[in-house]
Amino acid sequence: MNPSRAPRPPGPRALPIIGHMIDYTRDPLGFIESCPRDHGDVVAVNMLGNRVYVLQRPEHIEHVLVTRHRQYAKDAFQREVMGGRLLGRGLLTNDGEPWLRQRRLMQPAFHRQRLAAYGRIMTTHARRQVGLWRDGEVRDVNADMMELTLAIVIQSLFGLSLDDGADTVGPALARIMEHFARLQALIFPEWLPTPENLGYRAAIDQLDTLVAGLIRRRREAGGGTDDLLSMLLDAQDENGQRMSDQQLRDEVLTLMLAGHETTSINLAFCFYLLAHHPEAEAALHGELDSVLGGRAPALEDLAALPFTEAVVKEALRLYPPAWSIGREALEADELDGWPIAKGSVMMMNPWTVHRDARLYEEPLAFRPQRWRDGLEQRLPRFAWFPFGGGPRLCIGMSFAMMEARLVLATLAQRFRFERAPDDAVELLPSITLRPRHGLKVRVRARE
Ligand code: HEM
């Protein structure tokens with residue numbers, strides 16, 4: 001059947017040519033919320049002539065990410081826009097056989113045995129942060145966590161400390177995230193020398209300089225280390241060929257960005273939400289005090305800290321840093337009785353699924369205690385999916401969950417969090433869901 005004649009699920013009324021693109025870029029979260037609210041669980045949307053289906057039911061998401069994953073690849077936004085000048089063919093934006101080869105190569109760096117060493121790096125950096133906060137001051141915990149998680153990922157995965165260039169990362173990344181939230185970025189190709197594109201390119205150039213410096217320093221330090229960067233430098237394919245400089249750059253930049261921005265957002269929201277929910281904070285302190293008794297937390301303590309984990313999970317539920325996940329159909333399919341044409345984009349949004357009242361009681365409330373008594377086992381598999389799923393599941397999931405719990409436990413053991421004046425959050429839904437102007441929290445030393 002001609003795909004344009006095929007029956008289509010309901011959806012909002014579209015403008016000619018541009019479709020829903022303007023409504024979407026004006027308010028992405030409001031737009032994706034309106035889809036299931038006003039039209040149902042499979043909603044047909046048009047983005048610049050491209051057919052997009054917004055999915056809300058966990059079993060439909062499982063169909064795309066797991067059951068039929070071979071039929072779905074990364075969508076054009078990830079492949080061509082994120083995977084253009086910024087991330088190239090790094091692990092996040094690569095596909096097919098080249099992706100699989102790189103994933104297999106990097107997987108050992110995330111194995112359980114390696115995580116213990118990373119745990120020590122994480123707690124060392126968290127304890128350093130304790131020394132930087134002063135009783136009673138208002139902090140932008142988002143900025144603090146960006147620096148902290150960047151230092152952790154660079155030391156854990158690349159075996160290096162942060163050097164002078166690191167303070168360029170924050171502003172460059174903010175510029176890049178603003179870029180992806182603008183309609184122009186989605187309409188004009190990145191090679192066009194518009195002022196917007198030139199600013200974006202300059203920000204990437206800054207990150208490139210930093211990455212080139214990291215690779216150079218690692219090469220100069222020589223062999224004898226087993227960090228991920230050394231593994232990438234030493235890797236050879238079956239013909240004895242080493243990775244090209246471009247591929248190496250793409251992988252390092254991907255790991256550096258994917259490995260710190262998301263975890264940082266999650267931690268910053270943990271502090272912010274605790275500042276707004278003293279009863280949850282009291283329960284957290286109760287757990288930390290009774291299990292640790294004043295001793296600094298270590299990796300071995302995490303199993304005895306379920307409430308700490310629940311705070312992290314609940315913050316990931318309400319503010320999923322990867323708020324939307326996309327795939328493109330490589331061939332025709334069927335979903336919920338609707339024909340899906342080849343080339344259609346499937347949009348799966350942790351932001352709306354995590355706030356679905358059919359899945360969560362009082363879905364907008366911050367209630368870490370909901371995770372007690374095995375809620376995760378009772379929920380459908382993709383009711384909570386901040387790390388995606390299937391073969392493209394986040395490679396850093398265990399790393400991130402360990403880091404968030406260790407940093408949260410270390411800082412919450414020593415500080416209480418209070419609301420700061422003018423602490424409203426403005427969200428910037430870009431590649432990640434970041435607080436546009438940071439997150440302000442007053443920190444109080446605990447007795
Ligand atoms: C709270 C923290 C994190 C969140 C919410 C998160 C979320 C995600 C999600 C949703 C995906 C899948 C995207 C898709 O299916 O299209 C992903 C992939 C990925 N993440 Fe994470 N991530 C986090 C932390 C990390 C960390 C710490 C690292 C590295 C140390 C990392 C590295 C990656 C990489 C390289 C991929 C691509 C994996 C592949 O496609 O094989 N992430 N992440």
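Mentor: Let us begin with burial. Buried residues make up 40% of the 447 residues in the protein chain. A residue is buried if 20 or more other C-beta atoms, placed from the backbone, lie within 10 Å of its own, exposed if 12 or fewer do, and partly exposed in between. Please note that this is a predicted model: local features need pLDDT of at least 70, side-chain atom pairs count only at pLDDT 80 or more, and totals for chains, interfaces and linings use all residues. Residues are numbered from 1 along each chain as its sequence is written.

Trainee: Is Gln377 buried or exposed?

Mentor: Gln377 is exposed, because 6 other C-beta atoms lie within 10 Å. Gln377 belongs to helix 17 (residues 375–378). Helices are DSSP runs of H or I with at least four residues, strands are runs of E with at least two, and both are numbered from the N terminus.

Trainee: How many helices and strands are there in the protein chain?

Mentor: The protein chain has 18 helices and twelve strands. As for its overall form, the radius of gyration, taken over C-alpha atoms, is compared with a globule rule of 2.2 Å times the number of residues to the power 0.38. For 447 residues a compact globule would have a value near 22 Å, and the protein chain agrees with this at 22 Å.

Trainee: How is the packing of two helices described?

Mentor: Two packed helices are described by the angle between their axes and the distance between the axes. Axes are lines fitted to C-alpha atoms, for helices over the stretch in contact, and angles run from 0 to 180 degrees between N-to-C directions. Here, helix 14 (residues 278–292) and helix 15 (residues 306–318) have axes that come within 8 Å and cross at roughly 145°. Ala280, Ala283, Leu284 and Glu287 of helix 14 meet Phe307, Thr308 and Val311 of helix 15, where contact requires C-beta atoms, placed from the backbone, within 7 Å. This contact comprises five nonpolar residues, one polar and one charged. Nonpolar covers Ala, Val, Leu, Ile, Met, Phe, Trp, Tyr, Cys and Pro; charged covers Asp, Glu, Lys and Arg; the others, Gly among them, are polar.

Trainee: Which residues are the closest to the ligand?

Mentor: A residue counts as near a molecule if its C-beta atom, placed from the backbone, lies within 6 Å of it. The ligand is surrounded by 23 residues, the closest being Gly259, Thr262, Gly388, Cys394 and Gly396. The shell holds 14 nonpolar, seven polar and two charged residues.

Conventions:
Two residues are in contact if their C-beta atoms, placed from the backbone, lie within 7 Å.
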